[in-house]
Amino acid sequence: MPLYLDDDQTTLRDTAREFIADKAPVSHLRALRDAEDPTGFSRDLWRDFAEMGFTGMMVGEEHGGLGLGHVEAGVVLEEIGRNLSPSPFLSTAVAAVAALKGTGAADRWLPGIAAGETVAALAIDEGAKHRERVECRAERDGNGFRLSGTKRFVAHGHVADFLLVSARTAGGPDDRDGITLFAVPRDTADLVAEAERLADASITARVTFDNIRLDADAVVGEVDAGAAPLDRLLRAGRTGTAAELVGVGAGAMDMTMGYLKERRQFGTVIGSYQALQHRAAHLYSEMEVARAAVLKAQQLLDASSPLADEAVSVAKAQAALATALSVQEGIQMHGGIGMTDEYDIGFYMKRHRVLAELFGDANFHADRLARLAGY
Amino acid sequence: MTDLDTFRSETRAWLESNCPPEMRKPVRSDKDVCWGGRRYDPAANPPQAAWLKAMGERGWTVPDWPTTYGGGGLSPAETKVLREEMRSLGARNPLNSFGISMLGPALLKYGTEEQKLEYLPPIARGEIRWCQGYSEPNAGSDLASLAASAEDAGDHYVVNGQKVWTSYADKADWIFCLVRTSKESKQGGISFVLFDMESEGVSTKPILLISGYSPFCETFMDGVKVPKRQRIHDENKGWDVAKYLLGHEREMISGMGLGGQGENPLIAGAIATVGLDADGHLADPLLRAQIAQFEVRARAFGAMSERFIDELKAGRAHPAQPSMMKYYGTELNKGRHELIMAAGGSDALEWESEASGGGAAPRAWLRTKANSIEGGTSEVQLNIIAKRILELPGA
């Protein structure tokens, strides 16, 4: 398979680009923020996504979806990134769907996701930095479980219909065996989700489970073998975040290149100065490399290749690094106007910072690659 | 099974039975590389000669060239499968050649049918080794200011002048060379000619580099007669050929960013000198972090190279994209060798010892410093990206 978008994927990109730029441009994010909207995204927009087939694009046809893969989801995510559109698409339509697919919980949740009626949140992180350890505990209680612990950085956790929660049912914090993944309805008694607004105006939740009661059917996959659906969730989440980052980086770069061709100082457009041209050309190179790494990871995931695991970490790390450069150069090259809230480039910088952290930052993934390579 | 699956299994089987075991070991130095040419001695390395012959007969030294010109006639997808299968076997490139990577593509695009039939098959079989006469003492980054002159003498030109940085000119059989046929216009006065290095009036002088090796020469042309039928494309249109060929040269040089095949020498070297701690981590945590961060970029560039080749074969690559590949790949390769030196410590400083392979590491490190100069400096590539891809205005 060649490493570029095929004709169908290119058509999808054109459709998504036009649709998202029209329905959810940066002004949409700004309006939600200025209105102090407590949800963090627009439910109307989510229904529009469903009508376009986006919410169910990775859901199988038997559950009302389109049965497409990570490459297609990435195409939509890049446009979400480019427009900074607040959306539960990554958590719900990509990561949650990847985790639920093929499990006994699929029938319960996937049709609602495809229909745009159900929003999922991912309750994975336990500390301020993403790690691969799971300390949250679920103890057997009759037919069901009692869940205790705290999860953080749960995007849309305060409004989602259900949460995917990784918890330990056996073994020690770093063991791969003994993890169980649960799909927990948010209206479960005693589940507390406190909303936190972040630097980029998005809202995530700190979710506390104080010995809450779960039915046996909350289990996703098998008890003690939740590492498998959790791996699918993390790979989809990391690759999807990388795709969204590439969109953020591309959007910031486009703005910056536009500004370089328009802003005049010392009697000429500043884009004619070699000092800026070389930095712009270097930025372009880093972004191109990131885009290729992300597409490679998506294709390998869709092919269920054993090489996908490492490719995902390469993609997440490179996308975070390249986009960091894009937003930092973006503000610097915009000069003073880039520091103003009125101008959009600052929104790109803030969004990058959040996505760079999500599911492991560049150092986390570089370290992970080193461990996998035996050093 | 699709046709491509069939091709893959047949290719794998053929490679298994035809690639000698010695040719499946990583290339350690330039001595392991086959360059072919008139002075190539098959008896010096029989497995290498057998591998070249087997691949050459199938046209697989140039798998995507038409069979008429000695190629394999493979489609882009088949070529990719062949490369993948060679990589998974660890098979060495059977033939390294500027004829394949640079002149061939230019001849395929600009040569006459007669020229293609005359020059391409010997390139494919590794019979003629080519060198490139581009840079001059006063024409480096500003290549189009070149002065070596070709005077019209009826059916031939008389060439006078000097070239510099001619890679392996002392080992090459023929040269493809840029000469000035008109002073009326800078870029529009250049022609692209080919001639035999044994022609009367050609002499070469190796240049000793900081690596202690002499891969480059000065090439002197003193009244060299070059028949006009050895000119490629029209008179004074040589700059078009030169630019097209430079794209291919940049593509080739960018491949250095990928590192070699098989075991990663940077990681293996670091483990050998620094060792692993109880957690299985490199015992020098800062070096480990530097290597890990480097590997992210190197592997991401691996994906970029795959994408670039796929887009190139499909005619989808931006014409200036080779500049990006050249810039990124060469800067990455310099970074890799800095880390190899840091990981190797004083072992990597030995210049002559047998254990160091005659100073393989430091000499390779020094050689990489030219990567971002030859074929157009990094700064020239950034200029090209800024102007042709980002469409930023000229100063």
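A crossing of two helices is left-handed if the near helix is turned anticlockwise from the far one by less than a right angle, and right-handed if clockwise. In chain A of this predicted model, the crossing of α5(A) and α7(A) is right-handed. Residues are numbered from 1 along each chain as its sequence is written, and chains are lettered from A and ligands numbered from 1 in the order in which they are written. The model is predicted, and local features need pLDDT of at least 70, side-chain atom pairs count only at pLDDT 80 or more, and totals for chains, interfaces and linings use all residues.

Helices are DSSP runs of H or I of at least four residues, numbered from the N terminus. The axes of α5(A) (residues 89–100) and α7(A) come within 7 Å and cross at roughly 150°. Axes are lines fitted to C-alpha atoms, for helices over the stretch in contact, with angles from 0 to 180 degrees between N-to-C directions. The pair is therefore roughly antiparallel, a term for angles over 145 degrees. From α5(A), the contact uses A:Leu90, A:Val94, A:Ala95, A:Ala98 and A:Ala99. The α7(A) side includes A:Pro229, A:Arg232, A:Leu233 and A:Glu244. Residues are in contact if their C-beta atoms, placed from the backbone, lie within 7 Å. By class, this helix contact has eight nonpolar, three polar and two charged residues. Ala, Val, Leu, Ile, Met, Phe, Trp, Tyr, Cys and Pro count as nonpolar, Asp, Glu, Lys and Arg as charged, and the others, Gly among them, as polar.

Chain A is assigned domain 1 (7–119), domain 2 (123–224) and domain 3 (228–372). These bounds come from an automatic or database domain assignment. The centres of domains 1 and 2 of chain A, taken over C-alpha atoms, are separated by 23 Å. Their contact takes 16 residues from domain 1 and 14 residues from domain 2. On the domain 1 side, α2 (26–34) and α5 of chain A each supply at least two residues. α5(A) gives the most, with four residues.

Between chains, 34 residues of chain A are in contact with 38 residues of chain B. Elements giving two or more residues to the chain A side are α7 (227–260), α8 (274–302), α9 (308–334) and α11 (362–372). The largest share, 15 residues, comes from α8(A). This side has 21 nonpolar, nine polar and four charged residues.

In chain B, B:Ala342 lies in helix α9 (residues 321–344). B:Ala342 is partly exposed, with 19 other C-beta atoms within 10 Å; 20 or more would count as buried, and 12 or fewer as exposed.

Methods. Two residues are in contact if their C-beta atoms, placed from the backbone, lie within 7 Å. Angles under 35 degrees count as roughly parallel, over 145 as roughly antiparallel, 65 to 115 as roughly perpendicular and the rest as oblique.
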